[in-house]
Amino acid sequence: VYAKKTIEEMLEMKKPIQVTRSSMPDFEEYIEEIRSIWENHWLTNMGEKHRRLEKELMDYLDVPNINLFTNGHLALEYVIEAFNLKGEVITTPFTFASTTHAIVRNGLKPVFCDINPVDYTIDVEKIESLITDKTSAIVPVHVYGNICNVYEIERIAKKYNLKVIYDAAHTFGVTVDNIGIGNFGDASMFSFHATKVFNTIEGGAVTFKDERLNELLNQLKNFGITGPESVEYVGGNGKMNEFQAAMGLCNLKHVDREIEKRKKIVERYMENLEGIEGIIFSKNQKGVKHNYSYFPVVFDGYKLNRDEVFEILKENGIIARKYFYPTINSFECYRNEYNPNDTPIAKSMSEKVLTLPLYADLALEDVDRICEIIKR
């Protein structure tokens, strides 16, 4: 078979397949979008492209308010600060480091709630047992495009008068019961990192219900400046620049097509791997329009364990990701305060799950090759 292939094809096969690759517009399209920046010299501080992107994202996500940031982490950190929370915040250890770091950097204590084994989001049946008189908020995480039980979390929050701030980094464009996911809770943070379904190179946003929050977020991400000669808050610098916004304006035009491509890749994975003993997929959630942001596979009872599959794929030039591993309550910086055995499902899942390569331009033939290696 190899003898019949051209040199170019053989070289192409030897290229590593990364776990993800950034979606980008045509070069000429981006150049045309940034042309006006050379004309007006407005590079940052909420310029014309920043304002346009906010409006277009509000329409696409179907949310009443949005505020853009230079990255998703600062978006989360600042919105937590804006609510002036105190004491303890209930969250999940099965997430990226940013979620917990944003809580801790606001002087708050994270209280880790275990996840459920079906969609890997926070276990709503365990939240109430963790609520104390020190609890001020819940920071749940939508995982791999799977959404939390937003209705039950809303019930709990109302019962105990708690704020709810979602880490929605994985759920750009996702809807539940035809409602944009950014409408739930008091606020939601979205990441527009280069690896996400929609990117602004780096970037992020907060969606929220109370429009009064917008002015405060603008001030916090601009050094706490409230007027020409007034600085009322100890703020920082979290402003999205015009080049990021321009990339977002371009990518937003194509995001639906990109999601459709991802869907076909996920379906191809499913065709190849479905029904194999010991290989488990997360189930589709009722009423949820997915964005196919990740393809997590749980190896539980398969002939090889997760780490063995990871290494074999790597030997064949295929870079998968142990996502999320380890759990946050296992991190060195939190190890003295928490025990990962207190969240056994999250710990177990972190040792079994592997996210396989998934991006819009991944060839279906490469998907077949990845699956053949796993099955072989």
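These legends describe close-up views of a predicted model. Residue numbers start from 1 along each chain as its sequence is written, and side-chain values use heavy atoms, without hydrogens or water. Because the model is predicted, local features need pLDDT of at least 70 and side-chain atom pairs count only at pLDDT 80 or more, while totals for chains, interfaces and linings use all residues.

**View 1. Helix H4 packs on helix H8**.
H4 spans residues 72-82 and H8 spans residues 213-220. Helices (H or I, at least four residues) and strands (E, at least two) are DSSP runs, numbered from the N terminus. The angle between H4 and H8 is about 120 degrees, and their axes lie 10 Å apart. H4 is therefore oblique to H8. Axes are lines fitted to C-alpha atoms, for helices over the stretch in contact; angles run from 0 to 180 degrees between N-to-C directions. Angles under 35 degrees count as roughly parallel, over 145 as roughly antiparallel, 65 to 115 as roughly perpendicular, and the rest as oblique. From H4 come Tyr78, Val79, Glu81 and Ala82; from H8, Leu213, Leu216, Leu217 and Leu220 (contact: heavy atoms within 4.5 Å). Seven of these contact residues are nonpolar, none is polar and one is charged. Ala, Val, Leu, Ile, Met, Phe, Trp, Tyr, Cys and Pro count as nonpolar, Asp, Glu, Lys and Arg as charged, and the others, Gly among them, as polar.

**View 2. Helix H2 packs on helix H3**.
H2 (residues 27-40) meets H3 (residues 48-61) at about 140 degrees, with axes 10 Å apart. That angle makes H2 oblique to H3. H2 contributes Glu33, Ile34, Ser36 and Ile37; H3 contributes Glu48, Lys49 and Arg52. Four of the contact residues are charged, two are nonpolar and one is polar.

**View 3. Helix H5 is mostly covered**.
Six of the eight residues in H5 (residues 97-104) are buried (under 20% relative accessible area; exposed is over 50%, partly exposed in between; 1.4 Å probe, protein chains only). They are Ala97, Ser98, Thr99, Thr100, Ala102 and Ile103. Their cover includes H4 and strands E2 (88-91), E3 (109-112), E4 (135-139) and E5 (163-167).

**View 4. Cysteines without a disulfide**.
The structure holds zero disulfides (pairs of cysteine sulfur atoms within 2.5 Å). Cysteine 113 is buried, at 1% relative accessible area. The closest cysteine sulfur to that of cysteine 113 belongs to cysteine 148, 10 Å away and too far for a bond. For cysteine 333, the closest cysteine sulfur is in cysteine 113, 20 Å away, again too far for a bond.
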